[in-house]
Amino acid sequence: MLSPPFRRIAFAALLALMAAGCAVPPVEPPRVAPAAPPQFSEAPAGLQALQPDWWNSFAAPELAALVEQALAGSTDLAIAAERVRQAELAARNAGASLFPSLSGGASTADRYTDPSGASGSSARSSGVSLSASYEIDLWGRLAANVDSAQAALSGSRYDLQTARLSVSSAVANAYFQVLALRVRQAIAQENLAIAERVFRIVQARYENGAASALDLSRQRTTVLSQRATIEPLQVQQRQALTALAVLVGRAPQGFAVAGMPLDALAVPAVAPGLPSDLLLRRPDLASAEAALQSADADVAAARAALLPSIQLSGSTGLASSALLSLANPSFSLGLTGSIAQTLFDGGRLRNQVLLNESQRRVLVENYRASIHSALKEVEDSLSNIARNRSQEQSQLAIRDEAQRSLRLAELRYREGVEDLLSTLDAQRTLFSAQDSLAQQRLARLTSAVDLYKALGGGWVRPEL
């Protein structure tokens, strides 16, 4: 048989439970992930599988070393790692709310009173106390907060993997940019030498009366124009090199790379797999899903906040009428149960539920948009790879034919069969073909990097 105080507490708890059963908001229908297509439109077959160390597929040891340096020394990755640490601490704090809180204290006092017209008196006391409180998570509000923090922690870990993929792909693209600019600069130097050689031929013909002053002026203009193209390429190369240094985590001053011939780099062909696999291979999609899970937990916590809270607290202590001593102490023990329900708050708690539900709907749409964007990125990368490969083959044929045309034009001009304009046109065609070939080779390399990045860089989502 319960005593009257405990019967009153039990009756109040029963009323709270009945009210809570009527106050539970309806549960939202489960979300439906957007359907993925059965396969990519331009997916080639029989290619190599995607590996986490995808940068080794380009057969460039220096690139592999630079990527490893960047993954170890990048400031962006250091910041992302600290955010993971912060999320871990936040998850620990949320988990601590599931346990009782315990506090203790000790006090001692010596008080003397001297009233007017009476003799003074002194009072001494000492005591120690121990108190505990615990909130019964009957509606799952605290557990929902823990789930939200855990989902945020998972999202921060996925964000770190996304940052690693961004840094490694940026290093690869910057390295290829440096090599391409070096090749373009060498082509410009070679073309300058060709233009100067032709200029000497024109000058000799002019001195012998076989060429006009206009021919000499035109070829001199070609030499000056070709010489003017070298300095901008040098500036671009220095800027690409300093950008690479920052990505690696080093100061730009004194940073250099040995480099290698651009056409010596391997262009890997990677199997993209199935579109549905992107959900497990893209860390940014995993992060978006974790954010949605966190929002689900926030909605549950906001709904539970509408319901009464049940708090248990207890205290015990020893007290003595002595200073700095517990001689002949008195013992006290107390146990309290309380139920609190918000009766009026201007709609703040219900508005918070509506706000969290709205934020959840936004994240649902963001999640769907992220999946569509990921599918588009893979499809675009596959299309670019196929197009760039075909264009590079065509540009090689154009370059070879332009070299042959220039040799024939020089020979015919030297023999007086053709005028200078044919030679000038052949020079311009060769200059443009060689420079376009270098840029096309760079485009093919960067499109391969883009495909690696769009496919998640070989990352696989760990099983929960």
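The expected span of a helix is 1.5 Å times one less than its number of residues. On that basis the 35 residues of helix H10 (residues 420-454) should span 51 Å, and the end C-alpha atoms are 50 Å apart, which agrees. The model is predicted: local features need pLDDT of at least 70, side-chain atom pairs count only at pLDDT 80 or more, and totals for chains, interfaces and linings use all residues. Residues are numbered from 1 along each chain as its sequence is written, and side-chain values use heavy atoms, with hydrogens and water left out.

**Overall layout**

- The protein chain has 10 helices and four strands. Both are DSSP runs numbered from the N terminus: helices are H or I with at least four residues, strands are E with at least two.
- From the N terminus on, the order of elements is α-α-α-β-β-α-α-α-α-α-β-β-α-α.
- Of the 464 residues in the protein chain, 36% count as buried. Buried means under 20% relative accessible area, exposed means over 50%, and partly exposed lies in between (1.4 Å probe, protein chains only).

**H4 and its helix partners**

- Helix H4 (residues 141-207) packs with helix H8 (residues 283-304) at an angle of about 165°, and their axes are 8 Å apart. Axes are lines fitted to C-alpha atoms, for helices over the stretch in contact, and angles run from 0 to 180 degrees between N-to-C directions.
- H4 and H8 are therefore roughly antiparallel to each other. Angles under 35 degrees count as roughly parallel, over 145 as roughly antiparallel, 65 to 115 as roughly perpendicular, and the rest as oblique.
- The contact of H4 with H8 holds 11 nonpolar, nine polar and five charged residues. Nonpolar covers Ala, Val, Leu, Ile, Met, Phe, Trp, Tyr, Cys and Pro; charged covers Asp, Glu, Lys and Arg; the others, Gly among them, are polar.
- H4 and H8 make a left-handed crossing. A crossing is left-handed if the near helix is turned anticlockwise from the far one by less than a right angle, and right-handed if clockwise.
- Helix H2 (residues 61-73) also meets H4: the axes come within 9 Å and cross at roughly 140°. H2 and H4 are therefore oblique to each other, and their crossing is right-handed.

**H5 and its buried side**

- Helix H5 (residues 213-228) has 16 residues and reaches 22 Å from its first C-alpha to its last, close to the 22 Å expected at 1.5 Å a residue.
- Buried residues of H5 are Asp 215, Leu 216, Gln 219, Thr 222, Val 223 and Gln 226. They cover an arc of only 120° around the axis, which puts them on the same side of H5. The arc is that of the directions from the helix axis to the C-beta atoms.
- An α-helix has 3.6 residues a turn, so residues three or four places apart point the same way.
- Val 223 and Ala 193 are 30 residues apart along the chain, and their C-alpha atoms are separated by 8.6 Å. Ala 193 sits in H4 and is partly exposed, with a relative accessible area of 40%.

**H10 and Ala 433**

- Ala 433 lies in H10. Ala 433 is buried, at 2% relative accessible area.
- Ala 433 and Ala 397 are 36 residues apart in sequence and 9.4 Å apart in space, C-alpha to C-alpha.

**Positive phi angles**

- Gly 456 follows H10 and has a positive phi, near 95°.
- Ala 59 has a positive phi of about 55° although it is not a glycine. Ala 59 is in the loop between helix H1 (4-23) and H2, and is partly exposed, with a relative accessible area of 45%.
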